[in-house]
Amino acid sequence: MSDTRRRVKVYTLNEDRQWDDRGTGHVSSPFVERLKGISLLVRAESDGSLLLESKISPNTAYQKQQDTLIVWSEADNYDLALSFQEKAGCDEIWEKICQARYKAIDPALDITLRPPSTSLKKNALRSIPETSHLVELPPCELSRLEEIADLVTSVLSSPIRREKLALALVSEGYIKKLLGLFRVCEDLDNREGLHHLYEIVRGVLFLNKASPLMTVSMDRVWVCLEYDALVQPKHHREFLTKTAKFKEVIPITDSELRQKIHQTYRVQYIQDIILPTPSVFEENFLSTLTSFIFFNKVEIVSMLQEDEKFLTEVFAQLTDEATDDSKRRELVNFVKEFCAFSQTLQPQNRDAFFKTLANLGILPALEIVMGMDDLQVRAAATDIFSYLVEFSPSMVREFVMQEPQQTDDDVLLINVVIKQMICDSDPELGGAVQLMGLLRTLIDPENMLASTNKTEKTEFLSFFYKYCMHVLTAPLLANTAHDKNPKDLQEGSAKINPVCPDNFQTAQLLALILELLTFCVEHHTYHIKTYIMNKDLLRRVLVLMNSKHTFLALCALRFMRRIIGLKDEYYNRYIIKGNLFEPVINALLDNGTRYNLLNSAIIELFEFIKVEDIKSLIAHIVDNFYKALEPIEYVQTFKGLKGRYEQEKDRQSQRISSSPNRCPSSRYRRDARSLDEDEELWFNDEDDDEEGEAVEKSRIEDDFSDSYGKYMEAKKGREYTERFSGADVNGLLLNVLAGAANGASNNVKAAALPPGSTAVTPNSSSASSVKTVSLPATPVMKTTLVGLVDYPDDEDEEDDDEEEQSPRKRPRLSS
């Protein structure tokens, strides 16, 4: 079909009160035998499939809007719209609809294809039987205003009567007559008449019909809404004509576009400001105004988007360094409003809209304006950025990853966003919360695309941890600096008391950063693991357990809980070696008997370890902290941990006793090269990501080889052979390996040695001070001996640290 007059788009209103595009086709109005009446049919122009089949019913409220729209409701929650390409096609179908409805009202009427005249519409209305509650309009006179107001109010409860009243108002030109009476009442200062006119015009709006309003200018409608009898007169005219200023950042030459912008603003003002908020029973009465505004915005965006010179000039001035701040503020606010209007577009049109903005340089422009000192400009730029991220995170990521080739790290868009979040001056950090959500969307692997040639997830996360993570964690590291080095503290000394942020705004900011880092632990793998190990990040985070702000302490605890929840032995060894349960247990003990969220969260952490039977952590907790936790009896968590510990200890003893001829240490010996699959994969994947990671594996092997080499030297040396004549060599190897695994810790206790052994402290300097040890036939093993390889957790440890550790390891040989 080549007739463009009948080319239409079919829309349906969804549950979110947004219009969904169902397709483009051609409309006709034949008699459908199956439906037994004249119907609207729309067939798709692509394949001829049926997009719409709707019988024209006299009880259905049809509305014609903006010359090219026909809107109606077929059910309580099913609204339809036809958007015509040409006004002539809309007029033609509208005539067919009117004719079919009049014919249904009175089959005796002779309806032809000519446009229905005013007299025809009147006769059609007046031919309805009295039982149909015909609406008769009183004469439009000052003395009848009260009667007219009562009539308009009375029909609102009946959809059929609302429709008939709307037709009557249009056919008799009634609205124009009423507006003429408004001028008379103002000249005479007739307050009672002005109050009645307010009720009439308000009732006409609640008819939810566009046709009566389209007969007059909206500028003449809202003046009648100033005189509400229940409140003081409002000066809407003064605001709209004097206070509200239409700003053209770039001159608009299209007069139709200017007129539509003004019209949309005033109708929006009527809906949002003048009319009161409708009740539950009136919420659908203003859907006509909503649809009117919706389709107006669609047309405005389309017209602006088609004007390439206009948008090119906008972005050229926005990025021009010579543009003054006030002009740039207006340009940013225009782009923000432009993006807000674009939310009315259909998905395919919105895609084209944002691609147009990207080609015009919206993202480079945001880099400039988000770094400005003007708070209003930064806020508007944040809103624009949110529209872009919500629509296409991949588009933003693609732009960000290209930046290091063109600019410094400090001015990368994503770093500008992070600094904007950190420097938010709002006491409630409203902007920071919004930006944190946008950053989480950008680093979420769930919305990252994978293609044949490249993986967006790998590339972007590597980029983020290399160029941006240090900016994000800077406030956290700055606020958790220790007063002294933990290595300088003796066992049993007072705990480290770094200065925690007592400022509420700083505490809120750190909570936001921790929330983002917790998200990284959950959704990223080796990237965040490498960062935590290299920066000793968990230790710094747990400093915040001392904060007076409970919500911040809970955020720090949640971060540790997510790490433990992964049940990753690499993380577990890091926690054990750093003794990182100490600040958590101190917080539990400091909390005392208070039954609060902090208490419950800490207990839940230990309950998870018990239920999941994480053996290495259970052994560490019981060995080092059970005496402090034993008095806590209002929950059975810690007794349960002790029970798990004893069960595992018994199992180890049984396994050892069942194989008396086998070297006990061989059961627990673990070659540094035989890492489990996950760790091997992690080390292999990290070769290109972190510089320190390439050295990690060799350092592990060196530590083990050093320990084993010392054992071999001891075995061959005569003085060691003589000193330990008659001792069990296998037991000696066990102690040597245990020393290699635990020598880095100052908290090793005598309980970790087999019964009857004498603990050797790091201060032992000569073999003469060590007593002869008689080991039992079947040594008792503890689960703390499971991890026998010393895994360094920080790349900052250098080779010179080995000199400090060697005095600890050597005395083990004489034990």
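This briefing covers the overall make-up of the protein, then selected local features.

The model is predicted: local features need pLDDT of at least 70, side-chain atom pairs count only at pLDDT 80 or more, and totals for chains, interfaces and linings use all residues. Residues are numbered from 1 along each chain as its sequence is written, and side-chain values use heavy atoms, with hydrogens and water left out. The protein has 36 helices and 8 strands. Helices (H or I, at least four residues) and strands (E, at least two) are DSSP runs, numbered from the N terminus.

**Overall figures**

- Of the 815 residues, 48% count as buried. Buried means under 20% relative accessible area, exposed means over 50%, and partly exposed lies in between (1.4 Å probe, protein chains only).
- The protein exposes about 40100 Å², and carbon and sulfur atoms supply 48% of that area. Accessible areas come from the Shrake-Rupley method with a 1.4 Å probe; for residues, only the protein chains shown count as cover.
- Among contacts with a separation of 6 or more, 67% come from residues 24 or more positions apart. Contact means heavy atoms within 4.5 Å.

- Strands β4 (residues 37–44) and β5 (residues 50–55) run antiparallel and are joined by 5 bridges. Two strands pair if DSSP finds at least two bridges between them.
- L41 stands opposite E53 in β5.
- The hairpin has 5 residues between the strands, and G48 takes a positive phi near 80°.

**Salt bridges**

- The whole structure holds 25 salt bridges. Each is a side-chain nitrogen of Lys or Arg within 4 Å of a carboxyl oxygen of Asp or Glu.
- E248 pairs with R258 in a salt bridge, with the closest N and O atoms 2.6 Å apart. E248 lies in the loop between α9 (236–243) and α10 (255–274) and R258 in helix α10, so the pair ties together parts that are 10 residues apart in sequence. E248 is partly exposed at 32% relative accessible area. R258 is also partly exposed, at 27%.
- E646 and K642 meet in a salt bridge at 3.3 Å, N to O. They are 4 residues apart in helix α30 (residues 637–657), separated by about one helical turn. E646 is partly exposed at 27% relative accessible area, and K642 is partly exposed at 26%.
- D613 forms a salt bridge with K615, with the closest N and O atoms 3.2 Å apart. K615 counts as partly exposed at 35% relative accessibility.
- K64, K87 and D91 are linked in a network of salt bridges.

**Buried sites**

- D444 sits in the loop between α19 (430–442) and α20 (456–467). D444 is buried yet has no salt bridge; R440, the nearest side chain of opposite charge, is 7.2 Å away. Here Lys and Arg count as positive and Asp and Glu as negative, while His and the chain ends are not counted. Not counting residues up to four places away in sequence, D444 touches R397, F519 and H523.
- C555 lies in helix α25 (residues 550–565) and counts as buried at 9% relative accessibility. C555 is in contact with A511 and L514, leaving aside neighbours within four places in sequence. C555 and E515 are 40 residues apart in sequence and 7.0 Å apart in space, C-alpha to C-alpha.
- Helix α21 (residues 469–478) has M469, V471, L472, T473, P475 and L476 as its buried residues. Their cover includes α18 (413–422), α20, α22 (504–523), α23 (526–535) and α24 (537–542).

**Surface patch**

- L142, V184 and L188 form a nonpolar surface patch with about 240 Å² of accessible area together. Patches are made of residues with over 30% relative accessible area and no salt bridge; like charges are joined within 9 Å, and nonpolar side chains (Val, Leu, Ile, Met, Phe, Trp, Tyr) within 5 Å.
- V184 is placed in helix α5 (residues 174–188). V184 is partly exposed, with a relative accessible area of 35%.

- Most residues other than glycine have a negative phi.
- D189 is not a glycine, yet has a positive phi of about 55°. D189 is in the loop between α5 and α6 (191–206) and is partly exposed at 49% relative accessibility.
- N579 has a positive phi near 50°. N579 is in the loop between α26 (569–577) and α27 (582–591) and counts as buried at 14% relative accessibility.
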